[in-house]
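Here are some notes on helix packing for your review. Please read them with the model open.

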Amino acid sequence: MFLTGRRGGTTHREVQILASLPSELALIGGLAVLCRVGVPHRTTVDLDVVTRGLAERDRALRRLAATVTDPSRYTFDDGVDLDVIEVAPQSAEEVEAAFVAAGGPTDLELSVVAHTWAHDHATRLDVLAVDDDTGEPLAEAHGRLVATTVGLVAMKVVVVPLRAGLRSEKRASDLYDLGRLLATGRLQPRDLELLPARLRSVTTDRLVEWFVHPAGRDRTYRSVRRFDDPVLDLDELADLVEHLALG
């Protein structure tokens, strides 16, 4: 996957750092979205990864980072932050079943399921940053685990309600990311069928609510209209989501 940017810019620095990280870490967040949708897309300002067994990775990460502000957040010399989310030791299906048996899952519990599933189904990509103008290679991170499109969609879907009232700008960027992932990801109903049952149901229902139902589409439009490069075609997205929902 080729990502364009400026020498010394955010994308260049992030790919450099990504190349130095333990190979077991799976990339999620903004840079993963960039890898899956291609460019242009909104810029990202830090790195987000998931892993199982953070304690085993912590020593290596501390050697690489300039500072550690808490056990899961590392800052590098060039100002890029790395946030590490530890996933459950069990499979996503086992985690979801336990939450259902206990009367859940809540949105926060669904987030645990989604992050665990995204970790376990990440695929390896060669990520290369090249100069916007000249095409000159700037940094290379070979064979890195990156969350799949459906994994990113599931994580975004369950985290959006958790943003309500607290970080409206983050909620808006999550909805924009969702739209771009759907528009470029060529998802099929069989892709959603891979998700654990309750996570799949919630993912489908919320995509329909946000991109198909008129009131939900209006709210989505008001949220994402600040992102204008490229503009989301909500009519196209409604058709795509209907196809995913109806199979």
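1. Basis. This is a predicted model, in which local features need pLDDT of at least 70, side-chain atom pairs count only at pLDDT 80 or more, and totals for chains, interfaces and linings use all residues. Residues are numbered from 1 along each chain as its sequence is written, and side-chain values use heavy atoms, with hydrogens and water left out.

2. Thr149. This residue lies in helix H6, residues 149–163. Helices here are DSSP runs of H or I with at least four residues, strands are E runs of at least two, and both are numbered from the N terminus. Thr149 is buried, at a relative accessible area of 11%. Buried means under 20% relative accessible area, with a 1.4 Å probe and protein chains only. Leaving aside residues up to four places away in sequence, Thr149 touches Arg36, Leu181, Gly185 and Leu187. Contact means heavy atoms within 4.5 Å.

3. H6 against H7. Helix H7 covers residues 168–185 and packs on H6 at about 155°, with the axes 9 Å apart. Axes are lines fitted to C-alpha atoms over the stretch in contact, and angles run from 0 to 180 degrees between N-to-C directions. H6 and H7 are therefore roughly antiparallel; that label applies over 145 degrees, while 65 to 115 counts as roughly perpendicular. Their crossing is left-handed, meaning that the near helix is turned anticlockwise from the far one by less than a right angle. On the H6 side the contact includes Thr149, Leu152 and Lys156; on the H7 side it includes Asp174, Leu181 and Gly185. The residues of this contact divide into eight nonpolar, two polar and six charged. Nonpolar covers Ala, Val, Leu, Ile, Met, Phe, Trp, Tyr, Cys and Pro; charged covers Asp, Glu, Lys and Arg; the others, Gly among them, are polar.

4. H6 against H9. Which angle do H6 and H9 make? The angle is about 70°, with axes 10 Å apart, and H9 spans residues 197–211. That makes H6 roughly perpendicular to H9. This crossing is left-handed. Val153, Ala154, Val157, Val158, Val160 and Pro161 of H6 meet Leu199, Val202, Thr203, Arg206, Leu207 and Trp210 of H9.

5. H5. Helix H5, residues 107–120, has 14 residues. Its buried residues include Leu110, Val113, His115 and Trp117. Among the elements covering them are strand E3 (46–51), helix H4 (92–101), H6 and H9.

Technical notes: Buried < 20%, exposed > 50% of the residue type's maximum accessible area, 1.4 Å probe, protein only. Parallel < 35°, antiparallel > 145°, perpendicular 65-115°, else oblique. Expected span 1.5 Å × (residues − 1).
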